[in-house]
Amino acid sequence: MEILKVENLSKIYGEGGTKVVALDNISFAVNKGEFVAIVGASGSGKSTLLHLIGGVDRPTSGKVYIDGKDIYKFSDDELAIFRRRQVGLIYQFYNLIPILNVEENILLPLDLDNRDVNKKTLEDLITLLGLKERRHHLPSELSRRATTKNINRKSNDNKPKHNPSRRTNRKSRYQIK
């Protein structure tokens with residue numbers, strides 16, 4: 001069963017002398033249970049592709065289907081809800097809210113989605129992450145390791161169905177050329 005289908009995806013930045021073709025007519029599909037790695041040289045379009053698959057940016061042309069839905073037919077509000085509920089992205093540079101503490105950062109996706117907090121689950125999670133003593137610390141007060149744990153938790157707090165940035169194995173990969 002196909003969970004992701006990318007058809008003729010292109011992304012062009014700028015125009016004229018500053019035009020950059022980041023992706024040029026990319027097509028592929030991923031079936032449920034497959035592991036895929038996106039590899040390539042710096043500047044080859046890996047991040048652009050992930051942003052398009054995750055609904056963070058809109059393509060110049062082409063389509064992205066997740067679970068059979070063309071995500072770019074969604075309005076901006078629908079796309080934001082889709083990202084929050086269906087996709088988990090872990091960025092190279094952390095996107096913790098600097099004025100929110102650990103617990104508040106973990107709970108933010110639930111708050112945005114008007115979902116109730118299960119206090120026991122929250123306690124278990126903070127304990128599991130080894131952040132019990134740091135739950136009220138700001139991101140700037142955490143070590144890099146603790147920050148990584150927190151951002152990984154935040155990106156998966158909504159139990160997304162799809163996470164294009166999860167660790168992958170080496171056997172099944174697409175290379176952007």
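Is N25 buried, partly exposed or exposed? I looked this up first. N25 is partly exposed, with a relative accessible area of 46%. My cut-offs are under 20% relative accessible area for buried, over 50% for exposed and partly exposed in between, with a 1.4 Å probe and protein chains only.

**Ground rules**

I am working on a predicted model, where local features need pLDDT of at least 70, side-chain atom pairs count only at pLDDT 80 or more, and totals for chains, interfaces and linings use all residues. Residues are numbered from 1 along each chain as its sequence is written, and side-chain values use heavy atoms, with hydrogens and water left out.

I stayed with N25. Its place is in strand β2. Strands are DSSP runs of E with at least two residues, helices are runs of H or I with at least four, and both are numbered from the N terminus. N25 is not a glycine, yet its phi is positive, about 60°. I noted the background: most residues other than glycine have a negative phi.

I then turned to N114. N114 also has a positive phi, about 55°, although it is not a glycine. I found N114 in the loop between α3 and α4. N114 counts as exposed, at 73% relative accessible area.

**Entry: the sheet**

I traced the strand order next. Four strands form an open sheet in the order β2-β1-β4-β5, with antiparallel pairing. I count two strands as paired if DSSP finds at least two bridges between them. The edges are β2 and β5 (69-70), and each pairs on one side only. β4 and β5 run antiparallel and are joined by two bridges. I looked up Y65 and found that its bridge partner in β5 is D70.

Helix α1 lies across β1, β2 and β4. It runs at about 125° to β1. The axes are lines fitted to C-alpha atoms, for helices over the stretch in contact, and angles run from 0 to 180 degrees between N-to-C directions.

**Entry: G62 in β4**

G62 is in strand β4. At 32% relative accessibility, I log G62 as partly exposed. I listed its contacts, meaning heavy atoms within 4.5 Å. Leaving out residues up to four places away in sequence, G62 touches E7, N8 and L9. I also took the distance to Y72: 9.3 Å, C-alpha to C-alpha, for residues ten apart in sequence.

**Entry: nonpolar cores**

Which residues have the most contacts inside the largest nonpolar core? I found L4, L9, F28, V64 and I71, in a core of 18 residues. A nonpolar core is a set of buried Ala, Val, Leu, Ile, Met, Phe, Trp, Tyr and Cys residues joined through side-chain atoms within 4.5 Å. At least two residues of this core come from each of β1 (2-13), β2 (20-31), α1 (46-53), β4 (61-66) and α2 (76-86). β2 gives the most, with four residues.

I took I71 as a probe. Setting aside residues up to four places away in sequence, I71 touches L52, I53, G55, V64, I66, L79 and F82. I then found a second, separate core of ten residues, with L110, L122, I126 and L142 among them. Background for this entry: in soluble globular proteins, nonpolar side chains tend to be buried together.

**Entry: salt bridges**

How many salt bridges does the structure hold? I get nine. The criterion is a side-chain nitrogen of Lys or Arg within 4 Å of a carboxyl oxygen of Asp or Glu.

I opened the pair D57 and K11. Their side chains meet in a salt bridge at 3.5 Å, N to O. D57 lies in the loop between α1 and β4 and K11 in strand β1, so the pair ties together parts that are 46 residues apart in sequence. D57 is partly exposed at 25% relative accessibility, whereas K11 is buried at 10%.

Next I opened D113 and R85. Their salt bridge is 2.9 Å, N to O. D113 lies in the loop between α3 (102-112) and α4 (119-128) and R85 in helix α2, so the pair ties together parts that are 28 residues apart in sequence. D113 is buried, with a relative accessible area of 9%. R85 is partly exposed, at 41%.

D113 has another partner on my list. R115 forms a salt bridge with D113, with the closest N and O atoms 3.7 Å apart. R115 is partly exposed, at 34% relative accessible area. I logged R85, D113 and R115 as linked in a network of salt bridges.
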